[in-house]
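Reader: I would like to learn how to read contacts and charged pairs in a structure. Could you walk me through a case?

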Amino acid sequence: MSNRWGTNRTASAAWKRIRRGALERDGHRCVKCGWDQPPLAVDHIQTTAEGGTDTLDNAQTLCTHCHQQKTAAEAARGRARRAARGHHPTEKHPGLL
């Protein structure tokens with residue numbers, strides 16, 4: 001399985017072990033709202049784009065609704081980061097004067 005960056009990390013055997021571990025640890029319930037009906041997602045608490053790791057300590061079980069909300073917030077932060085990188089000051093740098 002692959003995505004636009006190459007291989008899909010969440011399809012790996014290592015992530016599948018982390019997923020099983022998170023589901024068991026969290027009692028097959030959403031850690032945000034307590035929902036216990038499938039489908040449940042195992043999500044990175046801190047995204048890898050923001051420095052998170054593929055470890056059980058950085059994984060949490062979320063229901064579809066809570067996962068969608070979290071993903072939307074992460075996407076907004078990502079857009080803001082990209083926009084900030086593209087921002088250039090209107091004033092010349094003092095060293096260039």
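Reader: Leaving aside its neighbours within four places in sequence, which residues is Asp43 in contact with?

Author: Happy to start there, with the reminder that this is a predicted model. Beyond those neighbours, Asp43 is in contact with Asn58, Ala59, Gln60, Leu62, His67, Lys70 and Glu74. Asp43 itself is found in strand S3, which covers residues 40–44.

Reader: Is Asp43 buried or exposed?

Author: Buried means under 20% relative accessible area. Asp43 has a relative accessible area of 7%, so this residue is buried. For the chain as a whole, 23% of its 97 residues count as buried.

Reader: What joins the side chains of Asp43 and Lys70?

Author: A polar contact of 2.7 Å joins them.

Reader: How should I think about salt bridges in general, and how many does the structure hold?

Author: The general idea is that side chains of opposite charge can pair when their charged atoms come close. In this structure there are six salt bridges. One of them is formed by the side chains of Arg29 and Asp36, at 3.4 Å from N to O. Arg29 has 40% relative accessibility and therefore counts as partly exposed, and Asp36, at 34%, counts as partly exposed too.

Reader: Which side chain meets Arg77 in a salt bridge, and where do the two partners lie?

Author: The partner is Glu50, with 2.8 Å from N to O. This pair links distant parts of the chain: Arg77 sits in helix H2 (residues 64–86), whereas Glu50 is in the loop between S3 and strand S4 (59–63), 27 residues apart. Arg77 is partly exposed, at 39% relative accessible area, and Glu50 is partly exposed at 26%.

Reader: What does the salt bridge of Glu50 and Arg81 tie together?

Author: Their side chains meet at 3.0 Å, N to O. Glu50 lies in the loop between S3 and S4 and Arg81 in helix H2, so the pair ties together parts that are 31 residues apart in sequence. Arg81 counts as partly exposed, with 34% relative accessibility.

Reader: What pattern does the chain follow along the sequence?

Author: It reads β-β-α-β-β-α, built from two helices and four strands.

Notes:
Residues are numbered from 1 along each chain as its sequence is written. This is a predicted model: local features need pLDDT of at least 70, side-chain atom pairs count only at pLDDT 80 or more; totals for chains, interfaces and linings use all residues. Side-chain values use heavy atoms; hydrogens and water are left out. Buried means under 20% relative accessible area, exposed over 50%, partly exposed in between (1.4 Å probe, protein chains only). A polar contact is a pair of N or O atoms within 3.5 Å; within protein, one must be able to donate a hydrogen and the other to accept it, and residues adjacent in sequence count only if both atoms are side-chain atoms. Contact means heavy atoms within 4.5 Å. A salt bridge is a side-chain nitrogen of Lys or Arg within 4 Å of a carboxyl oxygen of Asp or Glu.
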